[in-house]
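Hi,

Here is the structure I promised to pass on. Have a look at it first, and then read my notes below.

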Amino acid sequence: GVRAAREGRADDPAAVRRYLAAKFGDGLEPARAALVALAASMAPELLAGHAFALYERFRPAVPPGAGGWGAKGVLDLGAIRALAKQR
């Protein structure tokens, strides 16, 4: 399911779903499907050790002048799908 944590405490899954739906709009399900396929392409223990490195390979490019978490960028689902196929 959807999980997020802040300051060591789990966030409410329903609130996380609402946040993601608001940010991704119609792109949420394709993004989720691509990320689920990437996660399924690896053993859980391998994924746990490489998750951030994978994120660094597909994280959205943020326009110059915008920064920090939450800055708008474009998520390349093709890059995520390509990583899943490499595994």
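Helices H2 and H4 are roughly parallel to each other, because the angle between their axes is about 20 degrees (under 35 degrees counts as roughly parallel, over 145 as roughly antiparallel, 65 to 115 as roughly perpendicular and the rest as oblique). H2 covers residues 28-40 and H4 covers 77-86, and their axes lie 8 Å apart. Axes here are lines fitted to C-alpha atoms, for helices over the stretch in contact, with angles from 0 to 180 degrees between N-to-C directions. On the H2 side the contact (heavy atoms within 4.5 Å) is made by Pro30, Ala31, Ala34, Leu35, Ala37 and Leu38, and on the H4 side by Leu77, Ile80, Arg81, Leu83 and Ala84. Ten of these residues are nonpolar, none is polar and one is charged (nonpolar means Ala, Val, Leu, Ile, Met, Phe, Trp, Tyr, Cys and Pro; charged means Asp, Glu, Lys and Arg; the others, Gly among them, are polar).

A word on where this comes from: it is a predicted model, where local features need pLDDT of at least 70 and side-chain atom pairs count only at pLDDT 80 or more, while totals for chains, interfaces and linings use all residues. Residues are numbered from 1 along each chain as its sequence is written, and side-chain values use heavy atoms, leaving out hydrogens and water.

Zooming out, the chain has four helices and two strands, in the order β-β-α-α-α-α from the N terminus. These are DSSP runs, numbered from the N terminus: helices are H or I with at least four residues, strands E with at least two.

Now the inside. The largest nonpolar core has ten residues: Ala31, Ala34, Leu38, Met42, Leu54, Phe58, Leu77, Ile80, Leu83 and Ala84. Such a core is a set of buried Ala, Val, Leu, Ile, Met, Phe, Trp, Tyr and Cys residues joined through side-chain atoms within 4.5 Å. (Buried is under 20% relative accessible area, exposed over 50%, partly exposed in between, with a 1.4 Å probe and protein chains only.) H4 gives the most to this core, with four residues. Beyond its neighbours within four places in sequence, Ile80 touches Ala34, Leu35, Leu38, Phe58 and Leu75. Of the chain's 87 residues, 14% count as buried.

Ala51 belongs to helix H3 and is partly exposed, at 37%.

Cheers
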